[in-house]
Amino acid sequence: MTPSINKSVISTRLIVCLILAILSPFSIADQQWKTLGYDKGKTVIGNRSVSAPARNTLYSCDFSAMSSSLDRPWVDNKGVIFFSKKPLVKGHKEWNANIRFEDGLPNIAVTGDGLPNHATGDFPIKPGSTAYQYDRNPNSIRAQRLSYALPTNPEIANKPGCLPMGTIGIALSGSVFFNALDADKRDAVANEILDACEGHPQQHGQYHYHHNSPCFNQGIEGEHSPLLGYALDGFGIYGARGEDGKIITNNELDECHGHTGSALDRLGDRITEYHYHINNEFPYTLGCFKGVVDASMLERRPAAEGDRRIGTEAGEGSGRDNRRGGPVDLSIVAKKLGVRERDLQHALGPPPPNFKSAAKKLGISEHDLQEAMQAARAR
Ligand SMILES: [Zn+2]
Ligand SMILES: [Zn+2]
């Protein structure tokens, strides 16, 4: 590369950075989201079964059903997410993404540091920010050591496979995809506060997406979306548009959120193969693994660790006292106080819980509530 090209690349990057700095992350996300149906989500969330492969849900390796959804001002009473009302984690931090795909047989070797090729918000989420009112993600983004061997010629499995917590696919951006659930069995897209690229870090610092990102190459309007990454079974993950160039709906996809059709592969060759689509309907990315997954690639972590926060236990659940200590089992608190768990959850509201108003709503004393919460805190 000649010095002059280098210089122009740097100045282009500078201009892009300046433009990004001037425009609020909201407007960028908004414009791109709208063309993909992300002005609002079409999801109905909460309490659905995740115990078997089926359309409009996911097949979890860890959970049998979702938790009821939290009261979030950007989710209406029908469960529709209004993305433009959802706070973002602000910031503009640049990373040196480092991902390599080495094509071979029988595998594509994927190595990288897990960092994205786009700017991210500033994590941990800053106290005092709007985002912090709903999510106290205390984790920082950190480099990882990714190493995956994806099958070059993926095979459809006899039976669909369940989705673990943690990584289920690799994004071309350099980071990874997680499934649609957070550690509290809730719709992560509806409940977690993400940055302008719709990502955030988990407890080991792995930056990840639970759905599509306005920072991915979304291709040309009216055409099938380009490849965004690979699931761990080797099948491609594409954006929101199907073969007719229109946003693909869950009704057009199978139980794993995919279909067989024609699309361009990573090298630009047209192939007709099974692949997944990321659209704006739950479970957003994969519903299950359609293909055979090498078990050694699945993260063998305790179930709830996929998105678990360290330290203050961020606001993935209203049922948590985020001020100190570990998670609280609300069913125990409810039983002790003689109230319904659901009422307790509603009274506590989004984190941080306001014990005074919660106690008033429940018709009990604040002292009793605090004491019951403290007693039920996991050690
Ligand atoms: Zn397709
Ligand atoms: Zn997450």
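1. **Confidence.** The structure is a predicted model. Its average pLDDT is 82, and 79% of the residues reach at least 70. Two stretches call for separate mention. Over residues 1-27 the pLDDT stays under 50, and the model has 9 contacts for this stretch beyond four places in sequence. Residues 308-327 likewise stay under 50 in pLDDT, and for them the model has 63 contacts beyond four places in sequence.

2. **The three-stranded sheet.** An open sheet is formed by 3 strands in the order β1-β2-β3, with antiparallel pairing. The edges are taken by β1 and β3, each of which has a single partner strand, so one side of each is left without a neighbour in the sheet. Ignoring direction, neighbouring strands of this sheet are turned against each other by 15° on average.

3. **Pairing of β1 with β2.** Strand β1 covers residues 99-103 and strand β2 covers residues 107-112; they pair in the antiparallel sense over 5 bridges. I99 stands opposite G112 in β2, R100 has T111 as its bridge partner, and D103 is bridged to I108.

4. The link from β1 to β2 is a hairpin through 3 residues. P106 lies in this loop between β1 and β2. The peptide bond leading from L105 to P106 is cis, with omega near 5°.

5. **Pairing of β2 with β3.** Strand β3 consists of residues 146-151; 6 bridges join β2 to β3, and the two run antiparallel. Within this pairing, T111 has S147 of β3 as its bridge partner.

6. **The eight-stranded sheet.** A further open sheet is made of 8 strands, and its order is β7-β8-β6-β5-β9-β10-β12-β11. The pairing in this sheet is mixed. At the edges are β7 (199-201) and β11 (258-264), each pairing on one side only. From one strand to the next, the twist averages 45°.

7. **Packing of α5 on α6.** Two packed helices are described by the angle between their axes and the distance between the axes. Helix α5 (residues 330-337) packs with α6 at an angle of about 105°, the axes being 9 Å apart. That angle makes α5 roughly perpendicular to α6. On the α5 side the contact is made by L330, S331, V333 and A334, and on the α6 side by E341, L344 and Q345. By class, the contact comprises 4 nonpolar, 2 polar and 1 charged residues.

8. **Packing of α6 on α7.** Helix α6 (residues 341-348) and helix α7 (residues 355-362) have axes that come within 8 Å and cross at roughly 140°. The two helices are therefore oblique to each other, and their crossing is right-handed. D343, L344, A347 and L348 of α6 meet A358, K361 and L362 of α7 in this contact. The contact residues divide into 5 nonpolar, no polar and 2 charged. L344 of α6 takes part here and is also among the residues in the contact with α5.

9. **Further backbone positions.** F123 and P124 are joined by a cis peptide bond, with omega about -5°. P124 is placed in the loop between β2 and α3 (130-134). K185 is located in the loop between β6 (176-178) and α4 (188-191).

Notes: Residues are numbered from 1 along each chain as its sequence is written. Chains are lettered from A and ligands numbered from 1 in the order in which they are written. This is a predicted model: local features need pLDDT of at least 70, side-chain atom pairs count only at pLDDT 80 or more; totals for chains, interfaces and linings use all residues. Axes are lines fitted to C-alpha atoms, for helices over the stretch in contact, and angles run from 0 to 180 degrees between N-to-C directions. Helices (H or I, at least four residues) and strands (E, at least two) are DSSP runs, numbered from the N terminus. Angles under 35 degrees count as roughly parallel, over 145 as roughly antiparallel, 65 to 115 as roughly perpendicular and the rest as oblique. A crossing is left-handed if the near helix is turned anticlockwise from the far one by less than a right angle, and right-handed if clockwise. Two residues are in contact if their C-beta atoms, placed from the backbone, lie within 7 Å. Ala, Val, Leu, Ile, Met, Phe, Trp, Tyr, Cys and Pro count as nonpolar, Asp, Glu, Lys and Arg as charged, and the others, Gly among them, as polar. Two strands pair if DSSP finds at least two bridges between them. pLDDT is the predictor's confidence in each residue, from 0 to 100.
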